[in-house]
Amino acid sequence: MKVLYWGLPLLLLLFIPLWVQSPYALHIFILLFIAIATGESWNVIGGFAGQYSVGHAAYYGLGAYGAFVLLEHNHIAPWFGVWVAVGIGSVVALMVGSITFRLRGPYFVLASIAVAEIIRLLALNWKDVTNGAEGILASDLPVLQIGNHLVTDWNGKTPYYYMGLAMAVFCIGVNWAVKRSKLGYYLQAIREDQDAAHSLGIPLTQSKNAALLISAACTALAGSFAAFYVGFIEPQQVFGLDVSVQMVLVCIIGGIGTVTGPLLGAVVLVLLSEALRSNLIAQGLFKLGLSETSATGAFLKENLAHAHVLIYGLLVIVVILWMPDGLVGFVSARLRRKAAAE
C-alpha cells in the first residue's frame, strides 16, 4: 500500500510535462516543489524536534547567494556551486545552533529571527560580493552535459520541473528517514519534554544540532534551486521574514511533525497564493452572481489580490481552532471515527 501511496503520484508527476504544454501550469508545479522542499526541510527541526525556528530564511538565502556568487564571480557551474552553498548553510547552522539552542520557547524563536535579520543586513551592505539592494541578475546558465551528451540547455520550464521534482522527493525522503531513525525518536522525545528526555540520557544539544544541520542543508538546497529558477536575487527576497513564515505556514496548515503534512500544506498555500495573485477568487465570486460593479465587488476586485497576508492569517486561525493537528491530523481523526462507527 505504501508503494502505491507514494509511487503512483510520483509516476504521474513524471509524465506531467508530456501531457501539459502550458508554461504557467509547469510554473505552478515548480513553485509547489519549492514549497514542499522548504516545508519538509523546516519540519525536521520544527516538527520533529519542536524547535520553532522563524529564521530559516537565513539558510535559504545563503543557499541562493552562495551558488549565485560562485557562478557570477568565479564562473562555477551551479550544479557544483550548489553543494558549496549547502556546505556554507550547514556550517552557519552549526554555529547558530551552538548559541541559540541554549534558549527555549519564545526566546529561541526571537533568536532565530535575529540571526536571519543579521545575515540579511550583512548581504545588504556587503556590496562587493552581493551587489547590495540592487541584487544579482543571473547570466545565462552553462549547458549541462555528460561527456559529449547534452542533458539540457535550460530553455523552457521542463528541466526546472524535473529538478524541482527530484529536490522535493529528496526532501520528503529525508523527512521519512529522519522520522524513523534513532535521531528521529530522540527529537520527538525532546519535542514532548526536554527535561524528561535529558533525564533518559538523550543528548539534547547534539540531537538538536544534528536536526538543524539536516534542516539547514535541505533549505539551502531549495534556496539555490529557487534562485536559479527565478534568475534574480536580492537580500529582502531571500532573507526576508516572510520567507521563513511561509515555511512555517506550510507545516502548520498541513500538519507539523508528519511527513505528508508539509506536502498538503504546500498544495493549499501555493494554490491559494496563485488564486489570490491572479484574482481567480474574485472572478469566481462574480460568476456565482456577485455584481462586479457593486461596492463589494469593486472592493474585492481591487484589493483581494493584495490581501494574501490577511488570508494567510485567517487560514492559520481556522486551522488552530478547528484543525490543531493540521489537515493530516483532521483527516486521520475523521477516518478513525468512521472506522470506529463501522
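The largest cavity has a volume of about 70 Å³. A cavity here is a set of points on a 1 Å grid over the protein atoms alone where a 1.4 Å probe fits but cannot get out, and lining residues have an atom within 4 Å of a point. Grid points are joined across faces, edges and corners, and a volume is the space filled by probe spheres set on the points. The model is predicted, with local features needing pLDDT of at least 70 and side-chain atom pairs counting only at pLDDT 80 or more, while totals for chains, interfaces and linings use all residues. Residues are numbered from 1 along each chain as its sequence is written, and side-chain values use heavy atoms, with hydrogens and water left out.

**Cavity**

- By this rule there is one cavity of 30 Å³ or more.
- The lining of the largest cavity consists of S53, G55, Y59, V96, T100, F101, F108, S112, V115 and L212.
- Helices α4 (78-100) and α5 (106-125) each give at least two residues to this lining, and the largest share, three residues, comes from α5.
- By class, the cavity lining has six nonpolar, four polar and no charged residues; Ala, Val, Leu, Ile, Met, Phe, Trp, Tyr, Cys and Pro count as nonpolar, Asp, Glu, Lys and Arg as charged, and the others, Gly among them, as polar.

**Pocket**

- The largest pocket has a volume of about 910 Å³; a pocket is an open set with protein on both sides within 12 Å along at least five of seven lines.
- Its lining has 33 residues, and L31, D242, Q246, S273 and Y312 lie nearest the centre of the pocket.
- At least two lining residues each come from α2 (23-48), α3 (57-74), α10 (204-230), α11 (235-239), α12 (241-254), α13 (261-277) and α16 (308-322).
- Helix α12 supplies the largest share of the pocket lining, seven residues.
- The pocket lining divides into 22 nonpolar, eight polar and three charged residues.

**Chain and fold**

- The chain has 17 helices and four strands; helices (H or I, at least four residues) and strands (E, at least two) are DSSP runs, numbered from the N terminus.
- Buried residues make up 46% of the 342 residues, where buried means under 20% relative accessible area, exposed over 50% and partly exposed in between (1.4 Å probe, protein chains only).
- Of the contacts (heavy atoms within 4.5 Å) with a separation of 6 or more, 75% are between residues 24 or more positions apart.
- The C-alpha atoms fill a box of roughly 60 × 60 × 45 Å along the principal axes.
- Helix α7 (residues 158-179) has 22 residues, and its buried residues include P159, Y160, Y161 and G164.

**Single residues**

- S215 is found in helix α10 and is buried, with a relative accessible area of 0%.
- Not counting residues up to four places away in sequence, S215 touches S41, W42, V44, I45 and H56.
- A138 lies in the loop between β1 (136-137) and β2 (144-146) and is partly exposed at 21% relative accessible area.
- Leaving aside neighbours within four places in sequence, A138 is in contact with F68, E72 and G231.
- N131 has a positive phi of about 70° although it is not a glycine; N131 sits in the loop between α6 (127-130) and β1 and is partly exposed, at 35% relative accessibility.

Methods
The expected span of a helix is 1.5 Å times one less than its number of residues.
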